[in-house]
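This report covers selected local features of one protein chain. Please have the sequence and the model open while reading.

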Amino acid sequence: MSVADSTETDWVSRFADEVIAEAERRAPGEPIVCASGLSPSGPIHLGNLREVMTPHLVADEIRRRGHACVHLLSWDDYDRFRRVPAGVDPSWAEHVGKPLSSVPAPPGSDHASWADHFKAPMIEALEELGVDYRGISQTEQYTSGAYREQILTALRERAGIDAVLARYRTKQGEERPGAAYFPYRPYCEMCERDLTTVTAYDDDTTELAYTCACGFGETVRLAEHDRGKLVWKVDWPMRWAYEGVVFEPSGVDHHSPGSAWVVGGEIVGPVFGGERPIGPMYAFVGITGMAKMSSSKGDVPTPADALRIMEAPVLRWLYARRKPSQSFKVAFDQEIQRLYDEWDALGRKVAEDAAQPAELAAHARAVRTSRGPLPATPRPVPYRTLASIADVTTGDTGQIGRILGDLDGVAALDEVRPRLDRAQAWIDTHVPAEQRTRVRESPDEELLGSLGEDPRESLRMLTEGLDEHWSLEGLTTLVYGVPKLRAGLAADAKPTPEVKAAQREFFALLYRLLVGRETGPRLPTLLLAVGADRVRKLVGA
Ligand SMILES: [Zn+2]
């Protein structure tokens with residue numbers, strides 16, 4: 001069953017409509033093909049995840065409607081290793097020009113190759129995210145000879161391909177290269193690098209001659225040669241035709257004049273007899289909060305980094321609720337707490353049947369796929385509460401259990417997992433030391449000694465009310481109520497501006513006495529976390 005009856009519900013539904021109709025026209029009765037491509041040349045970051053999530057969501061909607069649909073994920077591991085990133089042994093420079101699958105993994109890795117090293121965490125993250133795809137190694141495809149026919153075709157049609165490319169070269173004012181054009185580049189037999197130049201090609205015999213910067217040169221029969229690659233602008237349209245791709249999004253950088261998307265669209269029909277897929281351009285995915293981190297990696301965060309601090313449905317939701325053309329940010333800073341509040345509010349609206357159709361669709365795509373529901377936290381205690389508790393207890397599970405029991409009748413920590421673990425990880429890895437909460441070991445005698453009768457009376461009222469109000473809701477009433485009662489108002493009265501000022505002053509005093517600062521986690525949560533006896537000790541009552 002589809003997520004919504006109306007096909008106008010959200011961007012995913014609209015693309016699914018379009019893709020189903022187009023697939024029916026192009027290849028009736030065949031499984032519908034959606035595609036993504038990822039380069040394992042380095043860490044695969046959250047922006048690249050959009051390359052996968054966009055077709056995943058569309059493919060999943062197509063499957064929900066009962067159509068056979070395959071999501072191909074091409075690992076571009078036969079691309080050349082371009083440069084040695086900062087932080088990697090400079091001796092890796094000798095591998096520049098080799099296929100990523102032939103370069104040794106970065107020092108310290110237990111993976112067989114550079115490509116495998118960067119693929120592995122992405123494969124794990126996609127599994128956790130419930131993304132159902134068929135992975136294709138382009139190294140395996142090329143070296144097994146799967147594309148041999150297509151390569152020979154591209155060589156035969158090289159003049160036509162060159163003419164298409166030339167139009168854009170002229171538009172961009174680039175010089176035409178003087179040498180003959182060959183859309184194929186061999187990896188050198190001797191040094192495995194692609195520092196090669198094709199010097200001759202014979203269409204009849206398919207004999208191709210090349211020389212390499214290393215000094216090596218040879219003539220091979222291309223009809224039997226499986227160690228080379230079509231250039232990118234020809235490789236991509238070749239695969240659209242070979243795989244019958246109907247939907248494949250790409251980043252903004254692929255859509256400029258003369259780019260692979262534009263050129264490929266002109267090549268795919270005349271050369272390979274295929275069609276360009278339906279392909280939305282997707283916008284940038286930004287990050288908040290990573291800059292402040294002292295990350296030893298010093299680079300952009302990956303989906304695995306995000307999944308350490310948020311549950312899979314929440315990360316899915318970020319990609320589902322925005323159209324591909326809209327950019328958005330993934331929060332690694334305090335903003336994640338607001339994101340979770342928003343997510344929980346949506347969950348309540350959905351439960352009460354009060355969500356708008358587009359909200360409902362995004363929520364449904366986040367929490368389940370056509371295969372079934374994703375793991376959920378049985379009791380979704382607010383993330384900010386769990387984060388505060390993790391902060392104040394420094395991760396002591398015994399204390400966490402006691403507080404959650406007081407707070408919400410949580411009997412076992414498993415009821416609040418995996419959300420608790422994500423909040424704990426966020427506190428541990430993304431909250432700077434100076435923002436962490438440290439509950440005072442002993443009372444601030446100097447501050448207590450300096451207090452007048454008025455604040456002392458407020459603190460006395462607070463401590464006397466603790467036992468009776470020992471719940472999140474009760475303590476909220478208590479801390480806001482004490483300044484009202486002191487002003488002669490009822491505990492549930494609307495606060496006057498004077499009372500609001502008195503509340504701010506009272507809260508600041510409590511923070512100073514409990515954690516030695518002017519601010520901290522929400523007071524009711526903090527009081528629960530500190531425990532009634534210790535609160536009494538620290539406020540001197
Ligand atoms: Zn060589």
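Which residues does glutamine 141 touch, not counting residues up to four places away in sequence?

## Glutamine 141

The model is predicted. In it, glutamine 141 touches Ile136, Ala146, Tyr147 and Tyr242, leaving aside residues up to four places away in sequence. Glutamine 141 belongs to helix α4, which covers residues 138-143.

The relative accessible area of glutamine 141 is 18%. The cut-off for buried is under 20%, so glutamine 141 is buried.

## The three-stranded sheet

An open sheet is built from three strands in the order β1-β2-β3, with parallel pairing. At its edges are β1 (32-38) and β3 (134-137), each of which pairs on one side only. On average, neighbouring strands of this sheet are turned by 25° against each other, direction ignored.

Strand β2 (residues 69-75) is joined to β1 by seven bridges, and the two run parallel. Alanine 35 stands opposite leucine 72 in β2. Helix α2, residues 46-64, lies across β1 and β2 and runs at about 165° to β1.

## Helices α17 and α18

Helix α17 (residues 453-465) packs against helix α18 (residues 472-486) at an angle of about 135°, and their axes are 10 Å apart. The two helices are therefore oblique to each other. Their crossing is right-handed.

On the α17 side, the contact is made by Asp454, Glu457, Ser458, Met461, Leu462 and Gly465. Helix α18 contributes Leu478, Val479, Val482, Leu485 and Arg486. The residues of this contact divide into six nonpolar, two polar and three charged.

How values were computed. Residues numbered from 1 in each chain as written. Predicted model: local features only at pLDDT ≥ 70, side-chain atom pairs only at ≥ 80, totals over all residues. Heavy atoms only, no water. Helix = DSSP H or I, 4+ residues; strand = E, 2+ residues; numbered from the N terminus. Buried < 20%, exposed > 50% of the residue type's maximum accessible area, 1.4 Å probe, protein only. Contact = heavy atoms within 4.5 Å. Pairing = 2+ DSSP bridges. Axes fitted to C-alpha atoms, helices over the stretch in contact; angles between N-to-C directions. Parallel < 35°, antiparallel > 145°, perpendicular 65-115°, else oblique. Left-handed = near helix turned anticlockwise from the far one by under 90°. Nonpolar A, V, L, I, M, F, W, Y, C, P; charged D, E, K, R; others polar.
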